[in-house]
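Please look at the sequence and the model below, and keep both in view while reading. The text starts where the two chains meet and then takes each chain in turn.

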Amino acid sequence: MGEIRVAVLQFPGTNCDYDVYHALARVLGVHTELIWHTLFRGDRYDAVILPGGFSYGDYLRAGAIAAHSPAMDQVREMAKEGKPVLGICNGFQILTEAELLPGSLLPNDHLRFICKWVRIRVETTRTAFSNQCQKGQVLHIPIAHNEGRFFVDDRTLKELVENEQVVFRYVDERGEPTPEANPNGSVSNIAGVCNLEGNVVGLMPHPERASEPILSPFNSNDGLLIFFSMLNYISRKT
Amino acid sequence: MEAVIRYKPAARDPEAEVIRRDLLLKGGYGMIKDVRSGKSLRMIVEASSPEEAKQIVERACNELRIFNPVAHTLEVRVWEKSA
């Protein structure tokens, strides 16, 4: 197989693109390209990452305008082909608005922007972005968002659980998804979900900000597990 | 026309909860039992009738996901310009 090529999409207002680039290209040595959304061609890449930020100023709703970018047709095609697609924070919001992922991300229940380190528990290892984790493993990764309250109705929540589409949950120091560990009022403490096939994943925490021990108060680099999983998934498929 | 977008009843509406708890209840308006916040979009539409204008706005809101059907309800009504 040839060199793995990963695209990091840039929309107007994206601001975590260089952090993702740094984690992939400099920390992991992966061929990574920053691509302006109107120039994006999915067939040139093995995976695509939609990074965080405030695309289109979060006008209307976070991610709602970017979801209509022509780039999203390319992302949709990649998703259909089984290629890994990751949405981080605003990227997660874009993927839900584009209906590539279930649910919706509403303003935090306390109505404040929140920026802090949290613990998330890996609920399934079947996805393109969690296969190098252990089920039940707790990762230290920071969040930074205003609209992170994951919402689905009760029926959809039941389906997500049954279909193993809940990938990450916010948990406390004992690894339990308690109300106190829920930073934004998300339904069932959900921090990340995947599509039915498991190749499209979105999460509110920022793995790129937890990719080097120097960045972490826990001296950890748990975020790399998410990127290692992507690389492993691509290698197994090709 | 006016398109009003609100949270579905199943979704918590923290802004409305604060308005009720910290303004209405404290200000003696306990008789106001429920509040829901929302977003109102006013649109001027070229159409042959109010019904047609309503259909156009509803179609646009659905096609372009002006509201998010996962979390929101949409109400489209004729906006009466008051004096």
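In this predicted model, the contact between the chains is made by 13 residues from chain A and 9 residues from chain B. On the side of chain B that touches chain A, 5 of the residues are nonpolar, 3 are charged and 1 is polar.

Consider chain B next. Three of its strands form an open sheet, in which they lie in the order β2-β1-β3 and pair in an antiparallel way. Which strands stand at the edges of the sheet? They are β2, residues 38–42, and β3, residues 72–77, of chain B. Each of these two has a single partner strand, so one side of each is left without a neighbour in the sheet. On average, and with direction ignored, neighbouring strands of this sheet are turned by 15 degrees against each other.

Strand β1 of chain B covers residues 2–7 and is joined to β2(B) by 5 bridges, with the two strands running antiparallel. Within this pair, Ala3(B) has Leu41(B) of β2(B) opposite it. A helix also belongs to this picture: α2 of chain B, residues 50–63, packs on the sheet and touches β1 and β3 of chain B. The direction of α2(B) makes about 160 degrees with that of β3(B).

Now turn to chain A, which has 5 helices and 11 strands. Its radius of gyration is 16 Å, close to the 18 Å that the globule rule gives for 238 residues, so chain A is as compact as a globular protein of that length. Along the principal axes, the C-alpha atoms of chain A fill a box of roughly 45 × 40 × 35 Å. Of the 238 residues in this chain, 56% count as buried. If one takes the contacts in chain A with a separation of 6 or more, 76% of them are between residues 24 or more positions apart.

One helix of chain A can be followed in detail. In α1(A), residues 17–27, the buried residues are Asp17(A), Val20(A), Tyr21(A), Ala23(A) and Leu24(A). How are they arranged around the axis of α1(A)? Seen down that axis, they fall within an arc of 165 degrees, so they line one face of the helix. After α1(A) comes Gly29(A), which has a positive phi, near 70 degrees.

Methods:
Residues numbered from 1 in each chain as written. Chains lettered and ligands numbered in written order. Predicted model: local features only at pLDDT ≥ 70, side-chain atom pairs only at ≥ 80, totals over all residues. Contact = placed C-beta atoms within 7 Å. Nonpolar A, V, L, I, M, F, W, Y, C, P; charged D, E, K, R; others polar. Helix = DSSP H or I, 4+ residues; strand = E, 2+ residues; numbered from the N terminus. Rg over C-alpha atoms; globule rule 2.2 N^0.38 Å. Buried ≥ 20, exposed ≤ 12 C-beta atoms within 10 Å, placed from the backbone. Pairing = 2+ DSSP bridges. Axes fitted to C-alpha atoms, helices over the stretch in contact; angles between N-to-C directions. Arc of directions from axis to C-beta.
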